[in-house]
Amino acid sequence: MSCPRCGGSVREPDLMHTEWRCARCGPVPPLHVPEHIGAEIVASVVGRVAAAGPPDGPATPVWCPWPMPPGWTLTGVAYAGDERAGVRATVVAFAGPEPLGGGPADLVFVAEEPGVGLGTRFAGMAGPDPGPQLAEALDDPGPGHPGHVGQARIRVAGHPTPLWLVNSPTDRSAYAGEARGLWLHAIAWPASAGHLLAEDVELHDLTEWTPSELVYGAPSPYLHGKA
């Protein structure tokens, strides 16, 4: 387990504190990242997320492009939360050919409650939420940023959902928006891989149904400390 905001170690609750804590970030929901990936791992994580959902509402979504883009594989899944507070964020990672140059690319989708900070960590942004930067989302993230494709319009659970390009380091492109009352982040490496979101992408919630046809790849380095 690690801190969703900085990736550092966390301390479990004790007699003095009721929350998990990071020495740098303070109280945080612990991030659980399985070491391996495969159908059984995904089923286990999705089952935990679904079981932690409120009895009168949907669980935190676990977003997955479906159908998957050609040549892409699922490379990781993780969640942030504990038994007391429930699941507060999920992240799913993918890898495949970069849409412009054909080289390797990585993509992660994060669904999270306000204040968790997992999506902004992957995006390389300051602060726990993208809200302050969405006011600037109509502008480019920097002169000549290779990830600029303007506003992305994907479909989330069958509904057209806009994502706005936000400021990020030039090695990646980062988009943020809202779906089901939670922040939705999409981060791609390299930056030009963000053009994948200009294509016909539809996100499906794995807590509702996990396709048996999913193909799995090597574990994502971005879920294991690279970001």
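**Values and definitions**

Reply: C64 counts as buried because its relative accessibility is 0%, where buried means under 20% relative accessible area, exposed over 50% and partly exposed in between (1.4 Å probe, protein chains only). This is a predicted model, in which local features need pLDDT of at least 70 and side-chain atom pairs count only at pLDDT 80 or more, while totals for chains, interfaces and linings use all residues. Residues are numbered from 1 along each chain as its sequence is written, and side-chain values use heavy atoms, without hydrogens and water.

Me: Why is C25 called partly exposed?

Reply: The relative accessibility of C25 is 22%, so C25 counts as partly exposed. Over the chain, 51% of the 227 residues count as buried.

Me: What makes the radius of gyration of the chain agree with that of a compact globule?

Reply: The rule, taken over C-alpha atoms, is 2.2 Å times the number of residues to the power 0.38. For 227 residues a compact globule would come near 17 Å, and the chain has 17 Å, so the two agree. The C-alpha trace spans about 55 × 40 × 35 Å along its principal axes.

Me: What makes up the secondary structure of the chain?

Reply: The chain has 4 helices and 13 strands, being DSSP runs numbered from the N terminus (helices H or I, at least four residues; strands E, at least two).
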